[in-house]
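Subject: Model for your review, with notes on packing and local geometry

Dear colleague,

I am handing over the structure below, followed by notes on what was found in it. Please read the notes with the structure open beside them.

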Amino acid sequence: MVIQVSDHAERVDIISAMPVGKRIFLALLSLIPLLAPYELLWRVQWHDYWNPVFLLFALVSAGAIAVSGLFLFAALAGLSSQMTFNALRSTFTYSERAPIVPQRTQVLPLSLIESIHIRTQEWSDGSPSYSLRVTMFNGAVFDSGSSESRQEIEQAKVQVEALLNRTGNF
């Protein structure tokens, strides 16, 4: 996921967008597992469906279709989010959107922000990922998209805290 931070005089935007190229790549990747049902079931032209080999191939094909569906779902439902800290309006806006998910937007007063910190997600393999977490006094929690660069998230946190300190909301 790509994290973009834009800092204006009275506003900080943190945009976490899933790149279109990644969506297209995942959609194309979803086509590869479909080769299994084609090769194992369609091309062979089975006449005896109660054959144990056919049943095994049908099971393998069902798994391949499920994997293909997961890749396609990731391409279509991968969320992009945006956090906006607006000092002029004294609001925090959080939006999420994806091609098959309707956009959801929440607008809350900056005075409801309880804390801003960096959330670390450890993985069993590979390096950890980091995101900016905004916790509100009403219990709501908002996370930015994740990044492999802690420095990138720390810089975003510094910019947000500077804006909030200038406005007296933190």
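Is serine 131 buried or exposed? Serine 131 counts as buried, because its relative accessibility is 3%, where buried means under 20% relative accessible area, exposed over 50% and partly exposed in between, with a 1.4 Å probe and protein chains only.

Before going further, please note that this is a predicted model, in which local features need pLDDT of at least 70 and side-chain atom pairs count only at pLDDT 80 or more, while totals for chains, interfaces and linings use all residues. Residues are numbered from 1 along each chain as its sequence is written, and side-chain values use heavy atoms, with hydrogens and water left out.

Serine 131 lies in strand β7, where helices (H or I, at least four residues) and strands (E, at least two) are DSSP runs numbered from the N terminus. Setting aside residues up to four places away in sequence, serine 131 touches His117, Ile118, Arg119, Asp143, Ser144, Gly145, Ser146 and Ile153, contact meaning heavy atoms within 4.5 Å.

For phenylalanine 92, leaving aside its neighbours within four places in sequence, the contacts are with Met83, Thr84, Phe85, Gln106, Val107, Leu108, Pro109, Leu110, Ile113, Val134, Met136 and Phe142. Threonine 93 lies in strand β4 and counts as buried because its relative accessibility is 18%. Not counting residues up to four places away in sequence, threonine 93 touches Gln82, Met83, Thr84, Thr105, Gln106 and Val107.

**Helix packing**

Two packed helices are described by the angle between their axes and the distance between the axes. Helix α1 (residues 20-29) and helix α3 (residues 52-77) pack at an angle of about 160 degrees, with their axes 7 Å apart; axes are lines fitted to C-alpha atoms, for helices over the stretch in contact, and angles run from 0 to 180 degrees between N-to-C directions. That angle makes α1 roughly antiparallel to α3, since angles over 145 degrees count as roughly antiparallel, those under 35 as roughly parallel, 65 to 115 as roughly perpendicular and the rest as oblique. The crossing of α1 past α3 is left-handed, a term that applies if the near helix is turned anticlockwise from the far one by less than a right angle, and right-handed if clockwise.

On the α1 side, Arg23, Leu26, Ala27 and Leu29 meet Phe71, Leu72, Ala74, Ala75 and Leu76 in α3. The residues of this contact divide into eight nonpolar, no polar and one charged, with Ala, Val, Leu, Ile, Met, Phe, Trp, Tyr, Cys and Pro counted as nonpolar, Asp, Glu, Lys and Arg as charged, and the others, Gly among them, as polar. Leucine 28, also found in α1, counts as exposed because its relative accessibility is 52%, and its C-alpha atom is separated by 9.2 Å from that of alanine 75, 47 residues apart along the chain.

The axes of α2 and α3 come within 8 Å and cross at roughly 160 degrees, and these two helices are therefore roughly antiparallel to each other. Here α2 contributes Ala36, Pro37, Leu40 and Leu41, and α3 contributes Phe54, Phe57, Ala58, Val60, Ser61, Ala64 and Ile65. This contact of α2 with α3 divides into 10 nonpolar residues, one polar and no charged.

**Backbone points to check**

Most residues other than glycine have a negative phi, and most peptide bonds are trans. Glutamine 45, although not a glycine, has a positive phi of about 55 degrees; glutamine 45 is found in the loop between α2 (35-42) and α3 and counts as exposed because its relative accessibility is 57%. Serine 90 likewise has a positive phi of about 55 degrees without being a glycine; serine 90 has its place in the loop between β3 and β4 and counts as partly exposed, at 30% relative accessibility.
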